[in-house]
Amino acid sequence: MSKQIGRPNHSANAFLETRKTQIKHLERRLFLRQGLSLGALSMLSGCDYGTLSSNDGLDRLLRAMSGFNDRVQALLFNPHRLAPTYAANQITKPFPFNAFYGIDDVPDIDPDSWKLEVSGLVADRTPWSVQRLRTLPQESQITRLICVEGWSAIGQWSGVPFRTFLKRIGADTTARYVGFKCADKYYSSIDMATALHPQTIMTLDYGGDPLLGAYGAPMRLRVPTKLGFKNPKYIKALFVTNTYPGGYWEDQGYNWFSGL
Ligand SMILES: Nc1nc2c(c(=O)[nH]1)N[C@H]1C(S)=C(S)[C@@H](COP(=O)(O)O)O[C@H]1N2
Ligand SMILES: [Mo]
């Protein structure tokens with residue numbers, strides 16, 4: 001490597017920090033303008049636009065774009081901004097059901113024997129029963145669930161604020177992701193900032209009564225700052241990790257962050 005001329009060598013770290021800030025600003029500008037060209041994206045994502053002839057190349061580019069989008073959305077996410085809340089008389093009745101299969105195939109879980117498994121970067125891996133989750137502080141919210149399929153509905157979900165739970169199990173809240181495994185083979189994951197958001201709730205009740213089977217009994221995550229598919233139902237296990245866990249729809253090309 002040739003000797004650098006003209007750059008003060010004491011400030012390599014400061015230089016890198018400035019560079020990172022510049023990149024953040026650039027990403028933000030590009031995102032706000034929504035005018036990012038394919039060429040610019042392929043440069044940023046390290047894909048060679050010139051060899052974009054194969055499906056494989058396109059696939060890689062699209063994945064890189066989505067990853068890029070995730071990073072920009074994570075940068076823009078304001079952990080203190082609350083999703084809108086509504087009045088009780090605005091609740092949608094009946095609340096719609098949605099899953100990747102029909103309502104006749106929803107998993108039938110016995111809430112009395114159900115246990116939530118906890119693993120990964122947490123201090124306490126003891127499984128949780130519904131009764132024990134109910135001993136933790138509960139909160140209630142009336143918010144809107146928005147599905148990418150083009151419908152939305154207002155409902156009332158209550159349960160344990162997820163950040164209360166994460167603190168209680170000694171989760172490493174500097175980790176990047178929380179992943180979820182569901183009883184119906186569905187799976188998903190969220191970023192830690194969203195996991196710690198005050199409106200992210202481990203839902204046990206809907207409309208003041210225990211959650212019904214179709215809506216994710218005995219426990220589903222309610223995340224009003226994200227699209228519906230990032231609200232896993234029938235959760236049987238969760239884990240804290242730095243390894244990207246993906247998700248059922250996310251792995252089929254839906255944008256992973258999907259913030260609102
Ligand atoms: N376990 C599980 N969770 C899931 C799904 C699913 O198929 N299985 N579908 C997701 C989608 S796409 C949406 S829109 C919401 C629907 O929640 P609802 O049935 O309470 O309306 O659940 C999400 N969580
Ligand atoms: Mo959805």
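The points below cover the basis of the model, its strands, its ligand and several individual residues.

1. Basis. This is a predicted model, in which local features need pLDDT of at least 70 and side-chain atom pairs count only at pLDDT 80 or more, while totals for chains, interfaces and linings use all residues. Residues are numbered from 1 along each chain as its sequence is written, chains are lettered from A and ligands numbered from 1 in the order in which they are written, and side-chain values use heavy atoms, with hydrogens and water left out.

2. An open sheet of 4 strands runs in the order 1-9-4-5, with mixed pairing. Strands, like helices, are DSSP runs numbered from the N terminus (E, at least two residues, for strands; H or I, at least four, for helices), and two strands pair if DSSP finds at least two bridges between them. Strand 1 (117–120) and strand 5 (187–191) are the edge strands; each has a single partner strand, so one side of each lacks a neighbour in the sheet. From one strand to the next the twist averages 20°, an angle taken between N-to-C directions on a scale from 0 to 180 degrees, with axes fitted to C-alpha atoms.

3. Pairing of strands 1 and 9. Strand 1 pairs with strand 9 (residues 235–241) in the parallel sense, over 4 bridges. Within strand 9, Phe239 is the residue that stands opposite Ser119.

4. Strand 3 and its partners. Strand 3 (residues 151–161) has 8 of its 11 residues buried, so the rest of the structure largely encloses it. Here buried means under 20% relative accessible area, exposed means over 50%, and partly exposed lies in between (1.4 Å probe, protein chains only). Strand 3 pairs in the antiparallel sense with strand 2 (residues 139–147) over 9 bridges, and also in the antiparallel sense with strand 6 (residues 201–206) over 5 bridges. Trp157 of strand 3 stands opposite Gln141, and its bridge partner in strand 6 is Tyr206. Strands 2 and 3 form a hairpin with 3 residues between them, and Gly150 in the turn has a positive phi of about 105°.

5. The ligand shell. Which residues come nearest to ligand 1? Of the 20 residues around ligand 1, they are Pro96, Asn98, Asp184, Asn231 and Lys233; a residue is near if one of its heavy atoms lies within 4 Å. The shell divides into 14 nonpolar, 3 polar and 3 charged residues. In this scheme Ala, Val, Leu, Ile, Met, Phe, Trp, Tyr, Cys and Pro count as nonpolar, Asp, Glu, Lys and Arg as charged, and the others, Gly among them, as polar.

6. Polar atoms at the ligand. A polar backbone atom of Pro96 is 2.7 Å from an oxygen atom of ligand 1. The side chain of Asp184 has an N or O atom 2.8 Å from a nitrogen atom of the ligand, and a polar side-chain atom of Arg220 lies 3.1 Å from a ligand oxygen atom. Ligand 1 taken alone exposes 540 Å², of which the protein buries 99%; the areas come from the Shrake-Rupley method with a 1.4 Å probe.

7. Cis peptide bonds. The bond from Lys93 to Pro94 is cis, with omega near -5°, and Pro94 is placed in the loop between helix 3 and strand 1. The bond from Ala217 to Pro218 is also cis, with omega near 0°; Pro218 has its place in the loop between strand 7 (209–210) and strand 8 (220–222).

8. Positive phi outside glycine. Lys185, in the loop between strand 4 and strand 5, has a positive phi of about 80° although it is not a glycine. Lys185 is exposed, at a relative accessible area of 70%. Ser258, in the segment after strand 9, has a phi near 40°, yet counts as buried at 7% relative accessibility.

9. Asp172. Asp172 is in the loop between helix 5 (162–168) and strand 4 (177–182), and is partly exposed at 30% relative accessible area. Asp172 and Val240 are 68 residues apart in sequence and 7.3 Å apart in space, C-alpha to C-alpha.

Methods. A polar contact is a pair of N or O atoms within 3.5 Å; within protein, one must be able to donate a hydrogen and the other to accept it, and residues adjacent in sequence count only if both atoms are side-chain atoms.
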